[in-house]
Amino acid sequence: MMSFLDENFLLQTETAQRLYHEHAKHMPIIDYHCHLSPKDIAEDRKFKNLTEIWLEGDHYKWRAMRTNGVPERFCTGDADDFEKFEKWAQTVPYTVRNPLYHWTHMELKRPFGIEKVLKPETAREIYDACTAMLQTDEFSVRGILKKMNVEIICTTDDPIDSLEHHQKIKADDFGLQVLPTFRADKVLAIEQPEAFLPYLQKLGEAAGVSIDSYQALQDALKKRHDFFHENGCRLSDHGLETIYADEFTEEEIKAIFEKALNKQELTQEEVLKYKSAMLVHLALLDHSRDWTQQFHLGALRNNNTRMMRELGPDTGFDSIGDFDVARPLSKFMDKLDNSDQLAKTILYNLNPSQNELYATMIGNFNDGSTPGKIQFGSAWWFLDQKDGMEKQMNALSNMGLLSRFVGMLTDSRSFLSYPRHEYFRRILCNLIGNDVENGELPASEMEWYGQLVENICYNNAKNYFNF
């Protein structure tokens, strides 16, 4: 029987162990998509206790706690920090076979060095030990990032952001790059005038443009895109149910935008035309700057309207959706490819039944200009667990080139999430190791498999993004 979380955790064969320990383990981390706070990095924040760094904002844990019968005041409410942690410790034993069980204990082991199982009996001891470490310089935000061998972080930022925190981080030059990502989803939300119109005002102020026409909106976005580029941004991102790819004319979009400015009600057809036009416009901006565009697709968000009213978005009430994907995605990418203006693109799928759909779609638009130009992105959100990662990599292997994959990211708001890269690397090495041991790959090519693992863990992303 193997010990829990020993050095060969998830590595079922000698070949997998060799690949991980000799090749994957020590590669630096490029976290090219996350939701970490640049303000916390700029200020080198020290967290008061383990609850503050570990439970605040973590809707994965909140979902598990609610399912375990924990009242909301211990998740997002006014209970004190240790009470919240105690409820999490009571929940952890019930998360067996949920990835949270692995993540929890990996995050205690690294960076804290704690190997005890978290449960009610160990809660106070673990809480006090971690909280004491968090008061030291070694466990400030920057200290943790260095300890976890992080080289580059790409945060997720709104076009109206001043990027002042990124500028401070760059000026401090503490040995790690933190770059912004252009997330312009709010400019698509034309069907929500109560939020859309005030947002346009803020966007205009940030760009120094009065947004009184569709042309002015395009000008404002171009100015902010340029500003982000000047501050090191090389990626954009969208979180959408599906791609919008309705037919439109420029005149139609001008008229639709004018209606929105005048607070006139839009038809569903008009909304979809506008979203389609805006996605194309943003994609063309990305291509003009040689950025990579990312699309996180398939989430059905904010299902619980009562909790949405009480807590707002991103609080743990989202699920996998089943949207029409293939035809609009193909149409959108083909439109850009037809004029040779399709930027490097990463597509993230949330519905596992569509893995093969995405894995074959990327092959339609790879053109030989960049290795792996169109990527099937890492298993995302509900799928970034052992089974989900294996299925994503198997689909990519069967229908594309796993060898050109740009690898893992955290997609997290927590500075303790970097063991997810280790988790991914172990799973990757185990997949390849099993194939070798089963005679499905020649054992004579171990040097190449080691290089392939290093590429997927680090080199591919470094070369692809060209930061």
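Residues are numbered from 1 along each chain as its sequence is written, and side-chain values use heavy atoms, with hydrogens and water left out. Because the model is predicted, local features need pLDDT of at least 70 and side-chain atom pairs count only at pLDDT 80 or more, while totals for chains, interfaces and linings use all residues.

Five strands form an open sheet in the order S4-S5-S6-S9-S10, with parallel pairing; its edge strands, S4 (182-183) and S10, each pair on one side only. Strands (E, at least two residues) and helices (H or I, at least four) are DSSP runs numbered from the N terminus, and two strands pair if DSSP finds at least two bridges between them.

| Strand pair | Bridges | Partners |
|---|---|---|
| S6 (residues 292-297) and S9 | six | Thr292 and Lys344 |
| S9 and S10 (residues 374-376) | three | Leu347 and Phe376 |

Six of the six residues of S9 (residues 344-349) are buried, so this strand is largely enclosed by the rest of the structure; buried means under 20% relative accessible area with a 1.4 Å probe, counting protein chains only. In a regular strand the side chains alternate between the two faces of the sheet. In S9, Lys344, Ile346 and Tyr348 point one way, whereas Thr345, Leu347 and Asn349 point the other way.

Helix H13 (residues 268-288) lies across S4, S5 and S6, running at about 160° to S5, an angle taken between N-to-C directions on a scale from 0 to 180 degrees, with axes fitted to C-alpha atoms, for helices over the stretch in contact (heavy atoms within 4.5 Å).

Conventions: Buried means under 20% relative accessible area, exposed over 50%, partly exposed in between (1.4 Å probe, protein chains only).
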